[in-house]
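Please open the model in your viewer and keep the selection panel at hand.

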Amino acid sequence: MNNLSEKEASRMDRQIRLYSFEGQKSILNSHVLLIYVTGTNSEVAKNLAIGGLGKMTLIDPFLTSEKSLCCNVLVTREHIGKNRAKASLGFLQEMNPNLELDTADYYDLFNRENENENKSKNSQADFIKQFDIVCICNPTINEVNHLTDLCHLHNKCLMVCGVSGENSFVFIDNCNDTEKTFQKVVNTPWSNLNIRRTNRLFFIIQLFYISCKDRKNPESVQLEENDINQIIDELSQSVQLKKVPVEFSDLLDWQQNWKNENSSTASIIGGIVSQEILNTICQKRKPIENFLFFDNFSGFARIEKI
Amino acid sequence: MEQNKLLLIGVGADIGKSKSQVICERSKRFNGSAKLVPLHCDIKTKGPSFFSQFSVVITALDNVMCRITKTPMVDTGSAGFNGQVEVFLPGLKCFECTPIQPPKTYPVCTIRRNPEKMVHCVVWVKEEFKKEFCSKAYDSAEDEQSGELLFLKYFDQGIKDLLALKDFWKGKRKPTPLGNSKAFLNEKKEKTEKGQEKNDQPQEMRIFEPQEYATLFLKSVRELAKNRVQLRNPLIFDKDDPLALAFVACAANLRAFIFGITMQSTFEIKGIAGSIIPAVASTNAIVAGIAVKEVTNVLGWLKTKKDESCKSTWVVIPPKRILLQPFRLENSNQKCLVCKLQCITFKINQ
């Protein structure tokens, strides 16, 4: 176990007054995995680096693009065309020279199309073992399910966030309940919900993930109103619906803006997620149970247990 | 120390430079074509003509000039996990419309006679520090004995004087005077587990035996008296001055020991004495993100004069179900002495 030097303790004085010396030591001895260095995850990485995290691994198969520059705090114009994870290391290291940084290959953790080329489930499970917390941004349902399986094997906390323009969500699976995985929660039939009290965004997310199924690029799936209505019928079986809680146009907006971020939302959600990560590491308080819905237009961020 | 809270203050090489300069230099990486002008000065030196040139001002404290020039202001603040962003538009509620809670004060009797918490001890010590080191200059002849004399005054005779008020102590736990410093230091105490636990913590986070605080108290008084003589000027209490902090921590802990209050580490006492507000980068990032959104709302308001989208927001610790709570902008308090025209009647007693 690494100990906190006097210099580091002095630098982190204001944070130690919140998390305690022991808490700060736990942060120094933790390892977080961030998958996809989007604007939001770049803010998470930045806050964790400044917060004195010991080790961070980044996975991102994508390259830095012009679009990254509007909200990704770790990359600049000179990084365009370079791998987004590798491009992020420089600035992170500058902010915290003591932070141990690493990148890993997407396929160290996830499966390829061609099954023969996959790493074994054991090797993927071994890979996950080294982390304390895993956080992924704007994933497909397949990615979340795969991570859920691996994380539950080794009791690793999984955080999922999704941004679509002004709307966003955070979901946390602390491995406390196998019935509360992302897949199960997202497929909750409406008979188990108080429809009037449940956040509108939940229904949009539900329909989004159910309709896009296992497609790799949910943002480019052709959504048909009939198909969506059918899904709504299945979800709302044995429920007397006075009014459908979500319109087809809401779902289209969500899909069209999937992965569209702005610096304000990235900063807010990145701040919330990094705080949940530090709270979980220090056991300062229980993590959000289990959803947070944020709408940057109205300004409300609500926690709901679904 | 700010490196923990602020993104753009760099490591190492940037320490010592002006914050505004470092922020401007580092922000260029995000947008090379933005014009950023650092100004390293006291904001109170800037007049209405300075503020009139801006569409909106973002602050971390109230600014009177914004009200005078009717410049919209987005005010931000954070403390620990809480934070807020308040938008002040000309014509609507100003910063002074809602009276601010005055700083917490304690009854004089609690501070001087019967402290019950560490904070009472700290407030008392700070008052004594001011009396002893800040209001007069000593000559060198007095400082040789100053440690012993102060020890007796604070922890022996001072306590005996309090105990003389016999009626006051009926039914209350009486404080125990320590005697003179030599006698107190000779008292052999069995080593408690407290001293041996958690040895990996930095010095300032550990809690020591009262005798160790007594030794350090005597030493710090000697040093403080010497400094006072050398400088020929009264000292000021500065929580970042290790000597002043040592004096306050030792004296507060000895007073606590006398009154049966649990002693605390120098780290914790520094927080109390310096009114240190804890901070984390994540909360500041949330507040900053909200502030940026409100600035864009304000710029929209400047065009259309419709304030429907501008709002103030509170950031609240979970487990409350609402983490970010927005509020509609309020109208001015009609009785506000600052933003409303008011007539105040004075009566002069002749």
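A residue is called buried when its relative accessible area is under 20%, exposed when it is over 50%, and partly exposed in between (1.4 Å probe, protein chains only). Helices (H or I, at least four residues) and strands (E, at least two) are DSSP runs, numbered from the N terminus. This is a predicted model, in which local features need pLDDT of at least 70 and side-chain atom pairs count only at pLDDT 80 or more, while totals for chains, interfaces and linings use all residues. Residues are numbered from 1 along each chain as its sequence is written, chains are lettered from A and ligands numbered from 1 in the order in which they are written, and side-chain values use heavy atoms, with hydrogens and water left out.

**First stop: strand β4 of chain A**

Select residues 133-137 of chain A, which form strand β4. This strand is mostly covered, five of its five residues being buried. In a regular strand the side chains alternate between the two faces of the sheet. In β4(A), Ile133(A), Cys135(A) and Cys137(A) lie on one side, Val134(A) and Ile136(A) lie on the other, and all are buried, so both faces are covered.

**Second stop: the neighbouring strands**

Two strands pair if DSSP finds at least two bridges between them.

Next, select residues 157-164 of chain A, strand β5, which pairs with β4(A) in the parallel sense over five bridges. Which residue of β5(A) is the bridge partner of Ile133(A)? The partner is Cys157(A).

Now display helix α7, residues 141-153 of chain A: together with β4(A) and β5(A), this helix makes a right-handed β-α-β unit. A crossover is right-handed if, with the strands pointing away from the viewer, the path from the first strand over the helix to the second runs clockwise.

Side chains of opposite charge can pair when their charged atoms come close. A salt bridge is counted here when a side-chain nitrogen of Lys or Arg is within 4 Å of a carboxyl oxygen of Asp or Glu. Over all chains, the structure holds 22 salt bridges.

Select Asp250(A) and Arg200(A), whose side chains meet in a salt bridge at 3.8 Å, N to O. Asp250(A) lies in helix α11 (residues 248-256) and Arg200(A) in helix α9 (residues 200-212), both of chain A, so the pair ties together parts that are 50 residues apart in sequence. Asp250(A) is buried at 17% relative accessible area, whereas Arg200(A) is partly exposed at 41%.

Move to Lys259(A) and Glu219(A), which form a salt bridge at 3.5 Å, N to O. This pair links distant parts of the chain, 40 residues apart: Lys259(A) is in the loop between α11 and α12 (263-282), and Glu219(A) is in the loop between α9 and α10 (225-235). Lys259(A) is partly exposed at 28% relative accessibility, and Glu219(A) is partly exposed at 30%.

Finally, select Asp13(A), Arg14(A) and Arg17(A), which are linked in a network of salt bridges.

**Last stop: chain B**

Colour chain B by secondary structure to find 12 helices and five strands. Of its 350 residues, 41% are buried.
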